[in-house]
Amino acid sequence: VAKLRGHEVTLYDKGQRLGGQLILASKSPHKDGIVNFLNYFRRQVTNLGINIELNNEVTPKLIEEIKPDTVILATGLTPLIPEIPGMNTEKVFLAEEVLTGKAELGERVVVIGAGLVGCETAELLLEKGREVTILEMLDTPPGRPSRVFRLLLKRLAAKRVRMLTGVKCERLSEEGLTIINREGERHTLQADAIVLAAGGKPNQQLFQTVK
């Protein structure tokens, strides 16, 4: 949009491909349309002659060197890591590591977070034959009441996914993940891997250094 309004624009990304969160979203089942959407934007920035700098992370030093008139920050989210004792192990992964195929998972997987990302990650794991349990601290899944999310929950129910709501994760140990349900009862879930999909917060690291 800035280019269409006559500005000279340079687009920086520290990754190897343009797309950010759209790349992750396109990895989920039933999200083929996002690939077309993503490719459209890639074509547009190329056709408009926007300068593209990949594998190039913007720093305060770089901004000082290039001296732009305006800096627009669209740096996305930083994943929220729940404060659960024992989570600092090799069996704990972020949802994005699962979606991008970087995680080596066993058969039994526990997904923490029943929002859109958590449920989509769970569906992907189910299609790969994993045994999945979804945990949610709230009494109901926190996703927006959109048609896409309702259909996703319906597919998960049809596949008889195990979803536990209103639970608190107490500790991860060699015995498993200990949870407390809404009745105050403790249970230990056996898991070969834990996947974190507990949401995110705005990545304001660069903003705090250049504002």
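Predicted model: local features only at pLDDT ≥ 70, side-chain atom pairs only at ≥ 80, totals over all residues.
I'm taking helices (H or I, at least four residues) and strands (E, at least two) as DSSP runs, numbered from the N terminus. By that rule T133 lies in strand β6.

**Ground rules.** Residues are numbered from 1 along each chain as its sequence is written, and side-chain values use heavy atoms, with hydrogens and water left out.

**Entry 1, the sheet.** I looked up the strand order first. Two strands pair, in my notes, if DSSP finds at least two bridges between them. I get an open sheet of 5 strands in the order β4-β11-β5-β6-β7, with parallel pairing. β4 (92-94) and β7 (162-165) are the edge strands, each pairing on one side only. From one strand to the next the twist averages 20°.

**Entry 2, around β5.** I went to β5 (residues 108-112) next, which runs parallel to β11 (residues 193-196) and is joined to it by 4 bridges. V111 has V195 as its bridge partner in β11, and V110 stands opposite I194 in that strand. On the β6 side I find 5 bridges, again in the parallel sense, with L135 as the partner of I112. The chain goes from β5 through α5 to β6, a right-handed β-α-β crossover (with the strands pointing away from the viewer, the path from the first strand over the helix to the second runs clockwise).

Then I checked cover. Buried means under 20% relative accessible area, exposed over 50%, partly exposed in between (1.4 Å probe, protein chains only). In β5, 4 of its 5 residues are buried.

Is T133 buried or exposed? I log T133 as buried because its relative accessibility is 8%. Leaving out residues up to four places away in sequence, T133 touches V109, V110, V111, R162, L164 and L189; contact here is heavy atoms within 4.5 Å.

A nonpolar core is a set of buried Ala, Val, Leu, Ile, Met, Phe, Trp, Tyr and Cys residues joined through side-chain atoms within 4.5 Å. Which members of the largest one touch the most others? I find L105, V111, V132 and I134, out of 21 residues. At least two residues each come from α4 (95-99), β5, α5, β6, α6 (147-158) and β11. α5 gives the largest share, 4 residues. I also listed the contacts of V111: G118, A122, L125, V132, T133, I134, L135, V195 and A197, again not counting residues up to four places away in sequence. Another core, of 15 residues, lies apart from the largest one, and L135, C169, L177 and A191 are among its members.

I finished with the antiparallel strands. β8 (residues 168-173) and β9 (residues 176-180) are joined by 5 bridges and run antiparallel, forming a hairpin with 2 residues between them. L172 has L177 as its bridge partner in β9. On to β10 (residues 186-189): 4 bridges join this strand to β9, also antiparallel, and I180 stands opposite R186. This hairpin has 5 residues between its strands, and G184 in the turn has a positive phi of about 85°. As for cover, 5 of the 5 residues of β9 are buried.

Note on methods. Axes fitted to C-alpha atoms, helices over the stretch in contact; angles between N-to-C directions.
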